[in-house]
Amino acid sequence: MAKKTPDRAPRRAVVFLLKILLFVVLFVLFFGIFSIENDQLLAKNRTAAITMTTFVVLGIAMTAVYGGFAVGKKKSKEIIPSLCIAVFITDFITYFQLALMNTNRWNQYQFRLPNLLLLALVFFLQSLVVAAFVYLGNHLYFQMYPPEDCVIICSDRERAGELVRRVSRYQKQYRITGVIDYRDKDLKKQIRHSDLVFLYELPANIKAEIIDYAYKHSTNIFFQTELSDIVVNYAKYTVLDDLSMLGSTTKELSVEQRFLKRMIDLLVSGLCLVLLSPVMLAEALAIKLGDGGPVFYRQERMTIGGKKFNVLKFRTMVVNAEKQGAQLATRNDSRITPVGRFLRATRMDELPQFLNVLKGDMSIVGPRPERESIAEEYYKEVPEFAYRLRAKAGLTGLAQIAGKYNTSPKDKLMLDLMYIERYSVWMDILLIFQTLTVFFKRDSTEGIEEGAKTADKG
């Protein structure tokens, strides 16, 4: 007998109502406070209609770009920064548009921005509201729905400890009831009595059998991504005569996509270099005054097709930090300078790479470039790692946003291949916006444990 699927309608209704109420409160805060100096916002006129429409449309769009009101799916500390970024972008563009609308013969003849203190006050209050709604939403959600009972099915219990550690971070969503070997005689019983199964490092044929059995008994399934999964997931459905098939073709950018991607690279890198030039000058002075060594750090990396180029970064380590050979930065690495520690934490050491983008060695979005010697080490364990070279190296990308500094080569590869297989100009734009969330992830620049091998830092 099939397991009864839980009714998800009530939880969806709670999330939807909280989402609507949150948006209404954010809307009222913005226009209520700005009406103090712009009383036309409370009347029926063109300024009110256009700015309110802009706020609503942008708010919905930015919320979608940054992951939405994902209560019940993510931790509160993951949702709040993303929503706050979405709110700030919505506020600032609406605020700028209000200034444009006010530039007329009835209000002001010259363009000027409204009171910045009001914008700061609005955003501060909205941030508090966002935090309150997210914590309330997650609290109500997990009061209504206890964590799912899950079992981890693996081929090696010891190696599965890494997955156990990660799943255990989400104790309100998942309750681990067991870690079992796929050869266990009680495997099917465990699947039937679980809400969810995690499949980890299983042979392909066993994985397929377990997925089929779990699906039959309405047990939810999470499994580690493999190359074959990505190929199938982004294949196109087709019918040959009366035969249903999935077709996967080698992905190459069209002429139009190449042109648009390069235009985005030139526009974004040029604009960022102009706007951030004062910041970059301050960084250069801080590095030079810190120890008198060189400001920049150049290192040979690989991009599309294995082509080599010199990536440019602000130096964050002592001079000759890699005289013993290439090494990953470790936690509390003594080679990192005091200035460098701050630059790494804020990702500001990466800013000179906009020059690499302008030159054409890199793109704004793409797989992070690796050194040839390090890539060769990765190929021994993950031969498919070379597939990342099917796209031009990028300053940011899916692996940089979703992953961490110490994410395993295989997991980075899967994220990069997901980007390559489903590439679109719109996806590049989304990832550029989502890059802002990296600054709020404390573990995004986290070093590896002492003793791990080679990688990407200097």
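## How α2 and α3 pack

In this predicted model, helix α2 (residues 46–65) and helix α3 (residues 76–101) have axes that cross at roughly 160°. An angle over 145 degrees counts as roughly antiparallel, and α2 and α3 are therefore roughly antiparallel to each other. Their axes come within 9 Å, and the crossing of α2 past α3 is right-handed.

Which residues of α2 and α3 make the contact? From α2 come Arg-46, Thr-47, Ile-50, Thr-51, Thr-54, Phe-55, Leu-58, Gly-59, Met-62 and Thr-63. On the α3 side you will find Leu-83, Ala-86, Ile-89, Thr-90, Asp-91, Ile-93, Thr-94, Gln-97, Leu-98 and Met-101. Sorted by class, the contact of α2 with α3 holds ten nonpolar, eight polar and two charged residues.

## The chain as a whole

Stepping back, the protein chain has 15 helices and ten strands. It is 458 residues long, and 44% of them count as buried.

Among contacts in the protein chain with a separation of 6 or more, 73% link residues 24 or more positions apart.

The mean pLDDT of the protein chain is 86, with 90% of its residues at 70 or more.

Please take care with residues 447–458, where pLDDT stays under 50. The model does give this stretch 48 contacts beyond four places in sequence. Where pLDDT is low, though, the predicted coordinates should not be read in detail.

How values were computed: Residues numbered from 1 in each chain as written. Predicted model: local features only at pLDDT ≥ 70, side-chain atom pairs only at ≥ 80, totals over all residues. Heavy atoms only, no water. Axes fitted to C-alpha atoms, helices over the stretch in contact; angles between N-to-C directions. Helix = DSSP H or I, 4+ residues; strand = E, 2+ residues; numbered from the N terminus. Parallel < 35°, antiparallel > 145°, perpendicular 65-115°, else oblique. Left-handed = near helix turned anticlockwise from the far one by under 90°. Contact = heavy atoms within 4.5 Å. Nonpolar A, V, L, I, M, F, W, Y, C, P; charged D, E, K, R; others polar. pLDDT = per-residue confidence, 0-100. Buried < 20%, exposed > 50% of the residue type's maximum accessible area, 1.4 Å probe, protein only.
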